[in-house]
Amino acid sequence: MKTVTLIGKPGCHLCEVARDVVDRVCDEMGAAWEERDINQDAELYRLYWEQIPVVLVDGAQHDFWRVDPDRLRKALASG
């Protein structure tokens, strides 16, 4: 089973939209997901502060700013 990580921060409107997409798609696909706050992790902040929200699939960057539900489904269904 693949794991999705949503990287964002509180008060970010795009992060809220991404959270809804990730939650819905992961629920449909039976995938686990977690959320990480860039304000709580200096390395995540350094890497992604200009791109949030960022979605990782099994640790690899998948999307940023806007999460395409169909693209995420395909990534979770592959290999």
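Here is a short chat about the cores and aromatic pairs of this predicted model.

Guide: Residues are numbered from 1 along each chain as its sequence is written. In this predicted model, local features need pLDDT of at least 70 and side-chain atom pairs count only at pLDDT 80 or more, while totals for chains, interfaces and linings use all residues, and side-chain values use heavy atoms, with hydrogens and water left out.

Visitor: Why are the rings of Tyr45 and Trp49 called stacked?

Guide: Rings of Phe, Tyr and Trp (its six-membered ring) pair if their centres lie within 6.5 Å; planes under 30 degrees apart count as stacked, over 60 as edge-to-face and the rest as tilted. Here the centres are 6.3 Å apart and the planes sit at 15°, so the pair is stacked.

Visitor: What makes Phe64 and Trp65 an edge-to-face pair?

Guide: Their rings are 4.7 Å centre to centre, with 65° between the planes, and over 60 degrees counts as edge-to-face.

Visitor: Is Trp49 buried, exposed or partly exposed, and how do you know?

Guide: Buried means under 20% relative accessible area, exposed over 50%, and partly exposed in between (1.4 Å probe, protein chains only). Trp49 has 46%, so partly exposed it is. Tyr45, at 39%, is partly exposed too.

Visitor: What makes a set of residues a nonpolar core?

Guide: They're buried Ala, Val, Leu, Ile, Met, Phe, Trp, Tyr and Cys residues joined through side-chain atoms within 4.5 Å. The largest one here has 13 residues, and Leu72 is among those touching the most other members.
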